[in-house]
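Please open the model in your viewer and keep the sequence panel beside it. The tour below moves from one selection to the next and says what can be found at each stop.

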Amino acid sequence: MKILLYAHGGSKNHGCEAIVRSTKLLLTVADHITLLSYNPDEDLYYKLDNLVDIYREINPVKKNNVDFICAYIEQKLFKNYHRMDALQHKEAIEKLEDGYDYALFIGGDNYCYSDVKNYAYINQYVRKKVRKTVLWGCSVEPELCKDKTIKKDIEKYTFILARESISYKALKEINSNTYLLPDPAFFLPKEEVNIPEGFIPNETIGINLSPLIFKYGNECNILNSFKKLIDYILFNSKDQVALIPHVVWHHNNDQKVLYTLYEKYKDNDRVLLINDHNCMQQKFIISQCKRFVGARTHSTIAAYSTCVPTLVVGYSVKAKGIAKDLFGNIDNYVLPVQNIADSDQLTEKYKWLVEHEEEIKSKLLQKSLEMKELENEYNKLF
């Protein structure tokens, strides 16, 4: 079986990298997997070429042809730039050799955002080359599913794999061939790496902060909340604090915002700024944490899947859905970034995490055992 993976942003987003690695691991039915990537140089840097064939998905748009003229007219007259955006993908898709059985759209959270109509056009090109398309390991914003263009696009997938129940419910109403299974990254293996000096296993609190959440909440309130949390940990325990990035794109870089936090504590040897690693190595580092507070979805999946008590600073349906499926509710496990109005809220949620950590560990262990039994279910979909 030949499988194509597309809508992959690049491995400097270690969530994207984790989906590719874990999908390759899970799909034993696949004889050959090809990856179309927006940033293949990143994938080569993190050695994904050891697992899959990699080709560039984004290319300059060729002008002076019928497709370009139609897209240009739509953009100028009707302010519809989605067709023009999709043309960046067309050449790479059309150059693919024939014979792929399935194409998996692996941009897991792409349908969580408001501007997703370009995927309908991209999928038209893909469906001309590959008979069956799959929306893979996804979350969707239910409100977006009401849009006619997006709804029609979702209807055309051969089947859909939703990674949490909120999205599953919304998608099932549109496409009956929708299934609920955990995000593939729950099955990502750890890769042991040297732990940075000062990082004490099981005595270090991991913290991930993303600049992306500033789009959804007040930046000043968010930063003050994290600083107050770190102050609380330092003054009320002997634990270390490790600031751990999970996306290092230059335009969307966790390292940059974590350094803003680190500046306040750089003379304190109990606060560490962790360097970039591949997703398996970052998962290993996160697994060594006593507790974890994270904004990036796949940083929290790395923690959940290694039974580390975790508080999520979330901004979309994916954080709520995953926590709901693990714990039965979101109240104490997710702090929506939109709700952060003062600097005490994050610390109060963290205190609850500390008080209930043994119960949380037990729940996560039970869930990990249940997920282990689902490992072969992914192949049965094909």
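This is a predicted model: local features need pLDDT of at least 70, side-chain atom pairs count only at pLDDT 80 or more; totals for chains, interfaces and linings use all residues.

**From β7 towards β8**

Next, select Pro182, whose place is in the loop between β7 (178–180) and β8. Is Pro182 buried or exposed? Its relative accessibility is 10%, so Pro182 counts as buried.

**The six-stranded sheet**

Move on to the open sheet that six strands form in the order β12-β9-β8-β13-β14-β15, where the pairing is again parallel. Its edge strands are β12 (271–273) and β15 (334–336), each of which pairs on one side only. Neighbouring strands of this sheet are turned by 15° against each other on average, again with direction ignored. Inside the sheet, select residues 291–294, strand β13, which runs parallel to β14 and is joined to it by three bridges. Here Phe292 stands opposite Thr310 in β14.

**Aromatic rings and charges**

Show the aromatic side chains next; a search of the whole structure finds 19 aromatic pairs. One of them is formed by Tyr216 and Tyr315, which are stacked, with 4.9 Å from centre to centre and 25° between the planes. This pair links distant parts of the chain, since Tyr216 lies in the loop between β8 (204–207) and α8 (219–236), while Tyr315 lies in the loop between β14 (310–314) and α12 (317–327), 99 residues apart. The two partners can also be coloured by accessibility: Tyr216 is partly exposed, with a relative accessible area of 30%, whereas Tyr315 is buried, with a relative accessible area of 10%.

Then select Tyr102, Trp136, Phe159, Tyr179, Phe187, Tyr378 and Phe382, which ring pairs link into a cluster. Stay with Tyr179 and bring up Lys172, whose charged end sits over the ring of Tyr179, 5.9 Å from its centre. Another place where a charged residue meets a ring is Tyr157, with Arg127 lying over its face at 5.1 Å from the ring centre.

**Helix α4**

For the last stop, select residues 82–94, which make up helix α4: its 13 residues reach 18 Å from the first C-alpha to the last, close to the 18 Å expected at 1.5 Å a residue. Where is the kink in α4 centred? Select Gln88, on which a kink of about 40° is centred. Finally, show the side chains of His82, Met84, Ala86, Leu87, His89, Lys90, Ala92 and Ile93, which are buried in α4.

Note on methods
Residues are numbered from 1 along each chain as its sequence is written. Side-chain values use heavy atoms; hydrogens and water are left out. Rings of Phe, Tyr and Trp (its six-membered ring) pair if their centres lie within 6.5 Å; planes under 30 degrees apart count as stacked, over 60 as edge-to-face and the rest as tilted. Helices (H or I, at least four residues) and strands (E, at least two) are DSSP runs, numbered from the N terminus. Buried means under 20% relative accessible area, exposed over 50%, partly exposed in between (1.4 Å probe, protein chains only). A charge sits over a ring if NZ of Lys or CZ of Arg is within 6 Å of the ring centre and within 35 degrees of the ring normal. Two strands pair if DSSP finds at least two bridges between them. Axes are lines fitted to C-alpha atoms, for helices over the stretch in contact, and angles run from 0 to 180 degrees between N-to-C directions. The expected span of a helix is 1.5 Å times one less than its number of residues. The bend at a residue is the angle between axes fitted to the seven residues ending there and the seven starting there.
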